[in-house]
Amino acid sequence: MADQANAESGNTIKDPADWTTGDEPATGAQESYLNTLAAEAHEDVPDDLTKADASRKIDELQEKTGRGR
């Protein structure tokens with residue numbers, strides 16, 4: 001449903017696999033948020049994630065912790 005709302009508003013969500021900068025290292029903001037989510041989920045975060053991998057891991061951990069809804 002969120003994807004439909006975003007599409008209707010013109011704010012489409014692009015799959016991380018399609019990002020032109022997806023292979024670059026994760027940003028500081030991504031790493032910080034990942035560490036917060038991982039602590040709540042009692043999981044470890046792999047080192048050296050790309051931007052795309054970090055985005056997918058954030059989505060996974062948001063689902064697990066109930067954040068980001």
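1. A contact here means heavy atoms within 4.5 Å. On that basis, of the contacts in the protein chain between residues at least 6 apart in sequence, 64% join residues at least 24 apart.

2. Some housekeeping before the details. This is a predicted model, where local features need pLDDT of at least 70 and side-chain atom pairs count only at pLDDT 80 or more, while totals for chains, interfaces and linings use all residues. Residues are numbered from 1 along each chain as its sequence is written, and side-chain values use heavy atoms, with hydrogens and water left out.

3. The overall layout: the protein chain has three helices and zero strands, giving the pattern α-α-α along the sequence. Both are DSSP runs numbered from the N terminus (helices H or I, at least four residues; strands E, at least two).

4. On burial, 28% of the 69 residues in the protein chain count as buried. The cut-offs are under 20% relative accessible area for buried and over 50% for exposed, with partly exposed in between (1.4 Å probe, protein chains only). The chain exposes about 5000 Å², and carbon and sulfur atoms supply 46% of that; accessible areas come from the Shrake-Rupley method with a 1.4 Å probe, and for residues only the protein chains shown count as cover.

5. Now the largest nonpolar core, which has nine residues: Ala-26, Leu-34, Leu-37, Ala-38, Ala-41, Leu-49, Ala-54, Ile-58 and Leu-61. Helices H2 (28-41) and H3 (51-65) each supply at least two residues of this core, and H2 gives the most, with four. A nonpolar core is a set of buried Ala, Val, Leu, Ile, Met, Phe, Trp, Tyr and Cys residues joined through side-chain atoms within 4.5 Å.

6. H2 deserves a look of its own. Gln-30, Leu-34, Leu-37, Ala-38 and Ala-41 are its buried residues. Seen down the axis of H2, the buried residues fall within an arc of 100°, so they line one face of the helix; the arc is that of the directions from the helix axis to the C-beta atoms. Gly-28, Ala-29 and Ala-39 are exposed on the other side. H3 is part of what covers the buried residues of H2.

7. Leaving aside neighbours within four places in sequence, Ala-38 is in contact with Glu-43, Val-45 and Leu-61. Lys-57 sits in H3 and is buried, with a relative accessible area of 15%. Not counting residues up to four places away in sequence, Lys-57 touches Leu-34, Glu-43 and Asp-44.

8. One backbone detail: just after H2, His-42 takes a positive phi of about 55°.
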